[in-house]
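Here are a few notes to go with your first look at this one. Have the sequence and the model open side by side as you read.

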Amino acid sequence: MADHDFLPVIIGTDLNAYHMAASFHEAYGVKPQVVGKVQLGFTHYSSIIASTTFVEDLDRPEVFVPALRDYAQSLHHQQLPLLLVGTSDHYVRLIIENADQLKDLYRFNYPTEELLNALHVKDAFYPLAQQHGLQIPETHIHHVGAPVHELEETITRYPVILKPGNSVEYYRNKFPGQEKVYRLNSAAEVAGVVARISDSGYRGTLIIQDFIPGDDTFIWDSVLYLNTAGRAEFVNFGQVLLQEHEASAIGNYTAIISRFNREVMTQLKEFLEAIGYTGIANFDIKYDSRDQAFKVLEVNVRQGRSSWYATAQGHNLAGYLVEDLIHGKQREPGECAYVDKDVLFTVVPQYILRKYVTAPGVREDVARMIRQKKVKNPLYYSGDTSLLRRAWLAVRAVRYRKKYANATWADAS
């Protein structure tokens, strides 16, 4: 392992955690420390992770801060700065809300709590996005507890997409059949889902949006890094090929092909710079063929589980964090990189791509990228030499054949 002048501490054990670990290892030869709540196959057995520490109830605020402070003290003997990376909305929120209690021990780059709320609480985000010129789907905001019949008067077109305005609070109120996103075809279906969410105890808002037609390939993605001075250092753009089709995992992309659209990329960059954003950001977008517009669905205040395609394009996410936070190096104003390099990111086997990506034009692009060997999968990072992990990956690949064959919702936003 190469010499290094910092230690990464990654919070989480999922795919997001693994691809960030691979990014750190590839760029600097450093094995990250991982802290999580449960053991997951993505990071289990890995040879590129120095250690994994499990903390019961890590996602509870009263546990999170003491656990991270104790963990930092346990690494104090190495006398290296600790670079902290969250991998889920909830962990990132805990880092931001407790920044004052963590910044003496860790280095991290996230926006302020005020800005986090403006972006994550959807009834605040959508007006903000429109104010800065971003297009969004037709949107209705329902406050749980308000009369449901009001929705019948305002929603004139179905199907619609329904999702929580505050996803962190939503998942604190578990209930049977809970889904990340609902696609609903009538006022009766909307009323039924609203009632079930209300009974769970959730008292936030619900976002009900016009369903933009189209399969997975109508969904688009963009990753950006804004340094601690608030300047964008890179922006990329990608077209989703496939997403997970289990109801609880809709929105988790499994394959993305890189694209380039200078106009949209510039809009996203200028929006984040205008609001004073810092850190990694990940936009979810859908193309509406009815009016030929890219419409922003949400922005994640972190890298997504599929954001590694930026690293595959030569813009290592871990590298931007390290150069900014550890080495104090930033791009000069006006030097933002608009990334235009062909990559096909996937975490599913190639036969899944060949079978399920059927959109004209896109299917041919996938075949071309496979022929040109431009397909990249972070799970098969060459620096990870664990044979046990390779065995787990082989089993996982087989399971995907059944998973996609059983998928019942292939065109949801």
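1. Start at Asp 288: leaving out residues up to four places away in sequence, Asp 288 touches Ile 212, Ala 293 and Lys 295, where contact means heavy atoms within 4.5 Å. One of these, Lys 295, also makes a side chain to side chain polar contact with Asp 288 at 2.9 Å (a pair of N or O atoms within 3.5 Å, one able to donate a hydrogen and the other to accept it; residues adjacent in sequence count only if both atoms are side-chain atoms).

2. Is Asp 288 buried or exposed? Asp 288 counts as buried because its relative accessibility is 1%; buried means under 20%, exposed over 50%, with a 1.4 Å probe and protein chains only. You'll find Asp 288 in strand E14, residues 279-288.

3. A word on the source: this is a predicted model, with local features needing pLDDT of at least 70 and side-chain atom pairs pLDDT 80 or more, while totals for chains, interfaces and linings use all residues. Residues are numbered from 1 along each chain, and side-chain values use heavy atoms, without hydrogens or water.

4. Now the open sheet: five strands, ordered E3-E2-E1-E4-E5, with parallel pairing. Strands are DSSP runs of at least two residues (helices, at least four), numbered from the N terminus, and two strands pair if DSSP finds at least two bridges. At the edges sit E3 (51-54) and E5 (106-107), each pairing on one side only.

5. Look at E2 (33-36) too: four bridges join E2 to E3 in the parallel sense, and Val 34 has Thr 52 of E3 as its bridge partner.
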